[in-house]
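Open the model in your viewer and keep a selection panel at hand. The stops below go from the whole chain to its parts and end at the ligand.

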Amino acid sequence: MTFKVRLQPSGMEFHASPEETVLDAALRQGVVLPYGCRNGVCGSCKGRRIAGRIDYGRFDTALLNTTLSEAEQQAGFMLLCQAHAAGDLVIEARTVNAACGIQPRILPCRVARLERLSEDVMRVQLKLPATERLQFLAGQYIDFLLPEGRRRSFSIANAPHADEFIELHIKHVEGGRFTGDVFSGLREKALLRLEGPLGNFYLRKDSTRPVIFIAGGTGFGPIKGMIEHALAEGVTRPMHLYWSARSERDLYLDHLPRAWQAQHRHVRYTPVLSQPQAHWPGKTGYAAAAVMEDFPDLSGHEVYASGPPAMVRDAQASLLKQGLALENFYSDPFEFNEKPAP
Ligand SMILES: Cc1cc2nc3c(=O)[nH]c(=O)nc-3n(C[C@H](O)[C@H](O)[C@H](O)COP(=O)(O)OP(=O)(O)OC[C@H]3O[C@@H](n4cnc5c(N)ncnc54)[C@H](O)[C@@H]3O)c2cc1C
Ligand code: FES
């Protein structure tokens, strides 16, 4: 059983089941509402009920009364992160339309888990304080704020609907100060500081064009988040991922895109290796060349590319010659020059 939720003044609609909070239902369907802690503490998710019934389930009434004053509750205000729909609803709530609508924040975080995904890629899972969640769009990135004003950028590899942890895929850069630490000094439970979400690399929802994703190495991270979120939202646009790496073992989560392809008819996956072993049956060489081979005319497509800057530049230059419109090329080049503190 699901109920219809209509937002005012935007007129946006989505469905919510009684088992999920209104906020979870909205985010799952790509409706971005403002929120902070998702624990009923900060009040960032306040909305005003105009019609319909809600249920707070097991949410602590004392906490509800702390976060929402009596006057607010009488005026119909509710916490979208805790309320469940108990019938069709009309709610007055501001929606966040684009990445620029989400204000970056500086937050402490703890390293919850470190997992070696390949010889030189580490999955780092970060946990924010219990009262905080990072609101972001799939594909955006965070900056670690380090001593002496240094910053290091890493893309968020999970989707916003599964945000208990912030997942990063970090490649060990030879001689790199921060990534060297990640592979040798960093321990679980370590405290760090981050700023995010940042960037404009996110899937444009106002388009029905087939999507081509090009990931180079750990450029797979933000694209993983985008595809996982698109699948959770029920997006049915054709999506074709080209993941380029040196050798098979650098496709460090190869089973994931294989599973997406097996489970969804509109998702395709093509790994492309630049230094394959002799038995490799798949594509070789550059990702952009593989795309051009498969798509002689890209005028109806949208391309999202992330990873090494040289790969992103090469993809852009090549694919524009194959008919892709410049405004339909979105990218997240992993530029790595030392950045000064803002
Ligand atoms: C928006 C954005 C998102 C990013 N997302 C990711 C991500 O999800 N995963 C990820 O692994 N990386 C990502 N990067 C790249 C990452 O930020 C850098 O690799 C990292 O900052 C290196 O830090 P370091 O302190 O280890 O190296 P430094 O000590 O700063 O550099 C050491 C030496 O290595 C060179 N160098 C630094 N980084 C690279 C690199 N990536 N490739 C080749 N040479 C390099 C430097 O020029 C210098 O000569 C992203 C970069 C940007 C701008
Ligand atoms: S009270 Fe913080 S997000 Fe709902």
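Predicted model: local features only at pLDDT ≥ 70, side-chain atom pairs only at ≥ 80, totals over all residues.

Residues are numbered from 1 along each chain as its sequence is written, and chains are lettered from A and ligands numbered from 1 in the order in which they are written.

Show the C-alpha trace. Along the principal axes, the C-alpha atoms fill a box of roughly 70 × 45 × 35 Å. Switch to cartoon: the chain has eight helices and 19 strands, which are DSSP runs numbered from the N terminus (helices H or I, at least four residues; strands E, at least two).

Next, colour by domain: domain 1 is 3–97, domain 2 is 100–198 and domain 3 is 211–333. These bounds come from an automatic or database domain assignment. The C-alpha centres of domain 1 and domain 2 are 29 Å apart. Eleven residues of domain 1 and nine residues of domain 2 make the contact (C-beta atoms, placed from the backbone, within 7 Å). On the domain 1 side, six are nonpolar, three polar and two charged. Nonpolar means Ala, Val, Leu, Ile, Met, Phe, Trp, Tyr, Cys and Pro; Asp, Glu, Lys and Arg are charged, and the others, Gly among them, polar.

Select Phe-213, Ile-214 and Leu-241, which have the most contacts inside the largest nonpolar core, a set of 59 residues. Such a core joins buried Ala, Val, Leu, Ile, Met, Phe, Trp, Tyr and Cys residues through C-beta atoms within 7 Å; buried means 20 or more other C-beta atoms within 10 Å of the residue's own, all placed from the backbone. Domain 2 and domain 3 both give residues to this core, so it lies between them. Another core, of 25 residues, lies apart from it and includes Val-22 and Leu-80.

Finally, select ligand 1. It is surrounded by 24 residues, the closest being Lys-171, Gly-176, Phe-178, Thr-179 and Phe-336 (C-beta atom, placed from the backbone, within 6 Å). Strand 11 (151–155), strand 12 (166–171) and helix 4 (177–184) each supply at least two residues of this shell. The shell has eight nonpolar, ten polar and six charged residues.

Key
Buried ≥ 20, exposed ≤ 12 C-beta atoms within 10 Å, placed from the backbone. Contact = placed C-beta atoms within 7 Å.
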